[in-house]
Every structure is written in C-alpha cells, then in structure tokens.
Amino acid sequence: MILLLEFLGRHATRFMFGSVLLALALPGLAALARPWLIPGLVIPLVIALMRLDLGAAVRYGRRVGLVAALTAWFVVISPVLVALATAPLGLPEGLRAGIVLMAAAPPLVSAPALAFILGLDAALAVVVVVVGTLVVPLTLPPLALGLLGLEVNLPAAELMGRLGLLVGAPFALALLLRRLIPQAWIQRNGKRFDGIAVLSLMGFALGIMAGVTETIAARPGFAALTIACAFAANLILQAVGAVATLWLGTQPALTIGLATGNRNMGLVLVALADRGDPAILFYFAMAQFPMYMLPALLAPLYRRLSAAGGGGPSGSASR
C-alpha cells in the first residue's frame with residue numbers, strides 16, 4: 001500500500017488525467033463515488049496545510065502588499081473581469097454563472113503540488129492557496145450574489161456560512177495534526193501524503209461526474225458548449241494571470257497563471273449542495289477536464305518557459 005501511494009504521488013498528473021476519463025467511461029462508478037465529494041475536497045486541503053513549509057510561506061507573508069494584491073486578483077478582480085467579459089457573449093445564464101463562480105473561487109488546493117511537479121514556485125502557490133481559501137467565505141457570497149447579481153438559489157449569508165465551515169474545519173484539523181505529528185516525519189513521508197491526496201482528488205473527480213454521461217447524451221449541444229467554455233476559461237485565465245504578473249519574474253508569473261486558471265470549484269459545489277442551478281453544477285463537472293488534463297499536457301511548456309525565464313526576483317520554490 002505504501003509503495004502504491006508513493007507511485008501515485010510520483011505520477012500525480014497522469015492519474016488525475018485518467019480519472020476524469022474513467023468517470024465518463026464508467027458512469028456507474030461515478031455514481032458510487034458521489035459520497036466521496038466532501039472527503040475528496042477536505043483531505044487534500046488538510047494534507048496541503050499539514051505539509052505547509054512555514055519558512056517559505058513566511059518569506060512571502062512578510063510582503064504584505066504583494067500578498068494582498070495577489071489575493072485581490074484571485075477573489076475580486078478576476079471574477080469581475082470574467083463577469084464583464086462574458087456579459088455580451090449571450091451564454092446561457094447558468095453557464096455564465098458557473099464561469100464567474102469559478103473565477104471567484106480560491107486556487108486549487110493541489111496547486112502547490114502541481115507547481116512543484118511543473119518546476120514552478122511552490123512556496124508562492126502555497127501562500128495564494130492558503131490566503132485565498134481563508135478569505136473566500138467573506139468575498140465570494142457578497143461579490144457573486146450582490147455585486148454581480150448571479151442566481152445560485154442560496155442566500156448570501158447561508159452560502160457564507162457553508163463556505164466558512166468547509167474552510168474552517170480542514171484548517172482546524174490540520175492545525176491539530178501539525179501539533180500531534182512531528183513535522184520531520186510529515187516531510188519525510190511527503191510522497192505518501194501526495195499519494196493520499198491524489199487518491200482523494202481522483203475520488204472527487206469520479207464523484208463530481210455522477211450524471212454527467214447522461215446529460216451529455218441528452219443535451220450534446222449544451223455539453224459541447226460547456227466543455228469548450230471550460231477549456232477556454234482555464235487557458236485564458238492562465239494566460240492573463242501570467243501576463244498580469246510578469247513583473248514578478250517568469251517563474252512566479254507562471255505559478256500565478258497556473259493558480260488563476262485552476263480554481264477550487266469543489267468548495268463552491270459542496271457549499272451549494274442541492275440548491276445550485278443544474279447548469280452551474282454541470283459546468284463545475286466539465287471544468288474538471290481541463291483542470292485534470294492540462295497540467296499533464298502543458299507540463300513540457302511550463303518547464304521550458306520556466307527554464308528560459310530563469311525564475312524570478314521573488315524566489316523559486318524550496319525543493
């Protein structure tokens with residue numbers, strides 16, 4: 001079992017790629033994995049917080065202005081830009097709401113692990129994930145439901161409470177585990193924790209795909225539009241995020257780009273639960289394809305650009 005976990009940790013992007021294809025091929029398995037949504041969301045976040053390199057995070061944390069600017073980029077500026085850009089496109093309202101909510105969500109929990117695998121700035125990824133996740137219960141509900149006027153069938157206060165619980169519980173558990181387990185042991189077994197996180201993410205990917213195959217068969221045109229929007233939104237946000245932060249240096253900019261395009265929609269999905277518009281939930285499911293597939297497909301490009309840029313002034317990941 002330990003060898004399997006280490007193998008999964010070493011080949012994370014490939015297994016994440018395969019899990020979404022498996023979910024489509026075996027819809028019955030996807031239905032069985034539906035109860036794995038919450039554990040698949042919580043476990044990777046707890047592991048990321050347990051393995052948090054406090055020294056590297058503090059180095060960035062001292063740059064309060066930079067952290068505040070990046071946090072504002074993720075949870076305020078990005079969704080506002082996406083809302084403005086999608087307004088004239090004539091997209092179905094539920095689909096547009098899903099895209100804007102994606103842009104308002106914090107970076108993907110696995111972004112630091114992906115940054116490490118891709119040769120980017122894992123320390124910077126940790127900071128934006130942790131801070132973005134902490135503030136999103138306060139920013140997403142009023143921004144999405146108030147300022148942008150999106151319809152998600154859930155009052156802002158209730159959505160804020162659900163997000164707060166989903167964020168607060170993993171942070172509390174990770175803090176407890178960090179006190180009980182020596183940090184040296186956690187770091188020594190990093191690949192095993194990576195394997196557990198990958199298994200959890202695969203379970204989440206399978207669970208979120210429940211019912212997707214049937215929807216694709218019943219509404220192929222809408223499904224094609226949704227998957228096209230999911231890939232376009234991911235790639236465009238990655239490009240815009242990287243270009244907007246090139247002043248930090250190539251490696252940090254690529255890291256911000258990666259985090260900008262890949263968001264923790266699972267947090268919003270679980271918070272919405274049975275109250276969300278089916279079109280929003282379907283978009284969240286379709287958006288797993290670029291999130292799980294593009295890191296493997298774009299890995300050579302990321303490594304080439306990072307090597308050519310030679311990192312950045314803010315420092316690279318501690319390896």
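Student: Why is Glu 93 called partly exposed?
Tutor: Its relative accessibility is 45%. Buried means under 20% relative accessible area, exposed over 50%, and partly exposed in between, with a 1.4 Å probe and protein chains only. So Glu 93 counts as partly exposed.

Student: What kind of model is this, and how are residues numbered?
Tutor: This is a predicted model, where local features need pLDDT of at least 70 and side-chain atom pairs count only at pLDDT 80 or more, while totals for chains, interfaces and linings use all residues. Residues are numbered from 1 along each chain as its sequence is written, and side-chain values use heavy atoms, with hydrogens and water left out.

Student: What makes Glu 93 and Arg 96 a salt bridge?
Tutor: Their side chains meet at 3.9 Å, N to O. A salt bridge needs a side-chain nitrogen of Lys or Arg within 4 Å of a carboxyl oxygen of Asp or Glu. The pair therefore qualifies. By this rule the count comes to one salt bridge.

Student: Where do Glu 93 and Arg 96 lie?
Tutor: Both are in helix α7, residues 93-104. They are three residues apart, about one turn of the helix. Helices are DSSP runs of H or I with at least four residues, strands are runs of E with at least two, and both are numbered from the N terminus. The protein chain has 18 helices and zero strands.

Student: Is Arg 96 buried or exposed?
Tutor: Arg 96 has a relative accessible area of 15%, so it is buried. Across the protein chain, 53% of the 319 residues count as buried.

Student: Why does Ser 110 count as buried?
Tutor: Its relative accessibility is 9%, so Ser 110 counts as buried. Ser 110 is found in the loop between α7 and α8 (111-117).

Student: Which residues is Ser 110 in contact with, leaving aside its neighbours within four places in sequence?
Tutor: Met 16 and Leu 201. Contact means heavy atoms within 4.5 Å.

Student: Why is Arg 51 called partly exposed?
Tutor: Its relative accessibility is 25%, so Arg 51 counts as partly exposed. Arg 51 sits in the loop between α4 (37-50) and α5 (54-61). Not counting residues up to four places away in sequence, Arg 51 touches several others, including Arg 178, Phe 193 and Asp 194. From Arg 51 to Asn 189 is 138 residues in sequence, but 9.9 Å in space, C-alpha to C-alpha.

Student: How much of the chain's contacting is between residues 24 or more positions apart?
Tutor: Such pairs account for 83% of the contacts in the protein chain with a separation of 6 or more.

Student: What makes the nonpolar surface patch?
Tutor: Leu 22, Leu 26, Leu 29 and Leu 32 make it, about 360 Å². Patches are made of residues with over 30% relative accessible area and no salt bridge; like charges are joined within 9 Å, and nonpolar side chains (Val, Leu, Ile, Met, Phe, Trp, Tyr) within 5 Å. Areas come from the Shrake-Rupley method with a 1.4 Å probe; for residues, only the protein chains shown count as cover.

Student: Why does Leu 26 count as partly exposed?
Tutor: Its relative accessibility is 42%, so Leu 26 counts as partly exposed. Leu 26 is in the loop between α2 (12-25) and α3 (27-32).
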